[in-house]
Amino acid sequence: MSKHTGAPVGVGVPLLDARERVTGAIPFVGNMRVPGMLVGRVLRSPLAHARIRSLDASAARAIPGVVAVVTAADLGKESGPMLQYGRNVKDQEVVASRMVHYVGEPVALVSAETEEAAEAALAAIAVDYEELPAVYDAQEAALPDAPKVHEGMDSNVFVHAKLRHGDVEAGFAAADAIVEETYTSPVAQQTSLEPHVAIAQWTPDGTALTVWTASQAPFAVRTALAGVFRIKEPSVRVVVPPIGGGYGGKGGMRVELPAAVLAWFSGGRPVRVLLSRAEEFVTVTKHAASITIRTGIMRDGTLTARQITCHWGTGAVVENSAALVRGALVRLVGPYRIGAVHVDSYGVYTNLPSAGAYRGAMSSQATWAYESHTDALARAIGMAPVALRRRSLIRSGDTFATGETLHEVYFHECMEACLERLGWDEPLAQPGGSLRRGRGVAVMMKSTNPVSRSECRLELGADGVLTIFTGTVEMGQGTHTALAQVAAGELGLPLERVRVQGPDTALVPFDTATNASRSVGMMGTALLNAAAALRERLAEAAAPLLDLPPDQLSVADGAVASAGGRSLTYAEVLAGGGLSRLDATGEHATNVGLDPQTGQGVGSPHWHQGAGACEVEVDTETGKVRVLRYVGASFAGRVINPDLARLQNDGNVIYGMGPALLEEMVFDAGRVMNPNLSDYQIPSLKDTPDWLEGVCIEHEEGEFHGIGEMTLPPVAPAIANAIEDAIGVRVRALPISAERVLRELDA
Amino acid sequence: MKIALTVNGTAHTLEAAPDARLLDVLREYLGLGGPREGCGIGACGACTVLLDGAPVSSCLVLMGQAEGHTITTVEGLAKPKGALSAVQQAFIDHRAFQCSYCTPGFVLAATALLEANPAPSDDDITEALTGNLCRCGSYRNIVEAVASLRRQG
């Protein structure tokens with residue numbers, strides 16, 4: 001059975017639903033109207049840590065138009081929702097029963113006929129709090145005498161992941177120089193323009209739940225909801241239409257739970273929970289990180305030892321952070337040949353909102369530290385930063401700090417592509433006056449999920465139309481279009497004959513989640529396997545019609561053919577066999593991991609690789625930094641759609657400029673002081689570089705490789721390295737605000 | 001109170017409070033999904049509509065202010081299944097969106113720009129569109145799309 005050649009893989013086509021996207025017709029959850037739909041709202045804690053002395057919701061229940069008011073007293077009964085839940089750790093309550101642990105924690109839920117009635121009900125719920133000591137900084141929270149975020153805990157450290165590779169003390173003893181620095185990243189927010197939104201509805205008998213939600217993880221949401229309601233997973237149906245951006249922030253169960261709980265208490269009526277922008281900031285955030293990195297280096301650039309200690313501020317809710325903090329072990333090290341490496345990665349509770357993945361999860365904070373540090377190391381031995389990287393970046397066949405041998409390594413190619421496009425060796429014109437220009441580069445290495453699974457089902461209809469059933473969420477990254485291109489190529493069909501059925505857990509097979517830039521690699525491979533199986537099914541179905549055994553038939557270009565030149569279209573094969581459809585399923589799973597005590601093993605089924613180089617201009621009078629030119633490069637394996645790949649690279653860089661230069665959630669006593677898009681600024685058109693380029697490093701026989709994050713983590717350190725090149729000061733705290741630059745200049 | 005206004009060429013008289021937000025009326029009463037709330041304070045441009053041809057944040061326009069005016073949302077640029085507007089087509093041709101939550105706002109802001117200034121410079125384009133945020137970072141393609149419609153000479 002031959003494979004089709006001349007596939008549309010490698011061709012830049014628009015998103016399949018481009019027309020819907022430019023006409024506003026795309027069916028975002030926020031645009032759905034389910035008959036009888038109620039407004040769902042959440043009453044939130046105004047305090048970072050407090051005991052609830054009393055809660056009285058009787059007045060709220062009496063307000064006309066209010067359908068349900070849910071407090072902790074209503075939960076944890078024989079049937080219906082449990083009170084406590086949690087993904088990695090059961091540290092959450094649907095609504096707080098006795099204690100609140102962060103500003104924004106749900107305290108009561110309301111469903112009502114109108115926004116006004118819901119608003120009035122929230123205002124009518126009387127809660128009396130007794131304020132308790134709180135802790136906001138992860139390093140302070142990790143100290144033995146810090147206030148405990150949750151009752152009964154000995155320590156706020158909920159996970160301490162370790163990596164131990166080689167003898168670091170011997171390495172430091174052998175070094176010519178040792179550099180130790182601390183780099184910090186603040187709490188930030190994913191800020192998808194589409195807020196979190198979910199609609200939930202129970203069947204009248206209360207046995208089955210349907211949730212429409214803007215989620216990156218429909219199957220994880222299904223599992224979590226089934227757990228809270230103590231029902232079987234197939235009784236929960238999660239439907240995810242295209243979503244308006246995710247960036248990691250929609251990777252766990254968030255608004256689906258209050259919607260489902262309210263719907264449970266609302267007599268079979270559907271309930272929508274749609275977060276306000278301010279609520280977004282207390283619902284999911286980026287981990288604050290403080291990373292101390294100490295490296296020994298020889299005069300020739302040999303790195304002898306590295307010791308890394310990282311405290312991840314996780315907020316009062318772990319959600320998926322135990323997995324993220326463990327996963328961060330390998331993201332903290334950096335893509336370098338280092339004699340010995342020790343890493344301690346601490347996940348720490350604080351009295352702040354819950355942290356989760358933020359595009360470039362954990363790698364952004366880590367790369368900020370280790371790539372700024374690479375320049376500091378180079379300076380310590382008087383070597384050019386690029387020369388040190390050329391000497392010490394990992395190459396194929398090298399052993400990583402996990403003990404695994406790395407293959408398909410393209411760090412050098414990524415960096416060199418950036419340097420060449422930027423014109424690294426060209427003279428740099430200085431504009432004069434208070435303006436100084438400089439150049440910087442950074443390289444990054446990121447793991448994807450060590451354990452994950454994707455299934456894909458293909459269905460060929462009697463009309464010759466192929467439908468892909470996939471759990472991959474379309475959030476603008478274009479994976480549905482990319483999958484359709486792959487399927488069209490594998491079955492030899494025009495793209496117009498391929499449809500995509502996106503996530504609906506009642507219709508599509510399992511997928512772990514749309515995260516960690518895993519989809520084209522994992523779902524793409526599952527699709528290849530499904531396509532191979534479908535070609536076999538086609539050959540089997542055609543065999544009796546062509547009087548030949550299946551293995552003497554080729555399946556390509558939309559037809560099954562014999563060597564003798566007889567050929568049947570797919571539609572003819574189905575018609576001849578009296579078949580209404582043919583289908584086939586493919587799967588791709590990975591299962592690697594590290595020893596929990598030593599961090600040795602296999603850190604990732606494959607490694608994401610990226611680099612960035614830039615030219616910045618710093619105004620020494622104002623401290624203002626402008627990124628004039630930026631080029632990012634990532635290893636892409638084989639590019640499916642170059643137009644969408646360019647958008648992903650651009651998006652990475654522009655998104656990355658937010659945490660690099662602008663984004664920081666500011667807190668006062670645990671309360672967010674800037675929970676709006678005026679005081680919390682994300683990059684606008686005017687913040688983007690004057691010149692921006694993206695490069696995909698391809699490999700002819702390469703696998704499909706996600707590129708949704710790779711050029712993001714290098715942005716902040718590349719800019720900081722360029723700033724040091726320009727004005728000789730080193731910024732070690734994000735964001736690199738004008739104020740910080742000025743302060744460093746004055747120091 | 002009864003408030004009269006024209007939306008996408010159709011005259012409406014709606015029962016609405018004068019302090020109701022135009023955005024909510026367009027979405028909830030008229031069922032238009034193009035204008036979208038991103039920030040609620042006029043900082044992101046996702047709710048951009050044209051009011052007598054000029055781009056405004058519909059989250060900041062109250063019904064009392066909209067009374068008697070002509071509103072165009074992205075739904076008013078092309079008939080269902082009909083030809084797309086030049087700006088919409090350019091956005092597709094230049095792949096000027098990813099998640100597209102912001103796209104109707106950009107399309108309308110660009111439409112107003114090209115109406116007022118058929119030959120905008122790159123700086124004009126940047127200035128006109130900088131009030132619209134695209135978190136996916138499709139800015140380069142957006143500028144290219146709008147620049148492609150620049151009238152020559």
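A cavity is a set of points on a 1 Å grid over the protein atoms alone where a 1.4 Å probe fits but cannot get out, and lining residues have an atom within 4 Å of a point. This is a predicted model, in which local features need pLDDT of at least 70 and side-chain atom pairs pLDDT 80 or more, while totals for chains, interfaces and linings use all residues. Residues are numbered from 1 along each chain, chains are lettered from A in the order written, and side-chain values use heavy atoms without hydrogens or water.

**Exercise 1.** State the volume of the second largest cavity and divide its lining by class.

*Solution.* The volume, the space filled by probe spheres set on the points, which are joined across faces, edges and corners, is about 40 Å³. Next, take Ala, Val, Leu, Ile, Met, Phe, Trp, Tyr, Cys and Pro as nonpolar, Asp, Glu, Lys and Arg as charged, and the others, Gly among them, as polar. The lining then has seven nonpolar, one polar and one charged residues.

**Exercise 2.** Find the phi of Ala516(A) and decide whether this residue is buried or exposed.

*Solution.* Phi of Ala516(A) is near 50 degrees, a positive value in a residue other than glycine. Most residues other than glycine have a negative phi. Buried means under 20% relative accessible area, exposed over 50%, and partly exposed in between (1.4 Å probe, protein chains only). Ala516(A) has 12% relative accessibility, so it counts as buried.

Technical notes. On a 1 Å grid over the protein atoms alone, a cavity is a set of points where a 1.4 Å probe fits but cannot get out, and a pocket is an open set with protein on both sides within 12 Å along at least five of seven lines; lining residues have an atom within 4 Å of a point.
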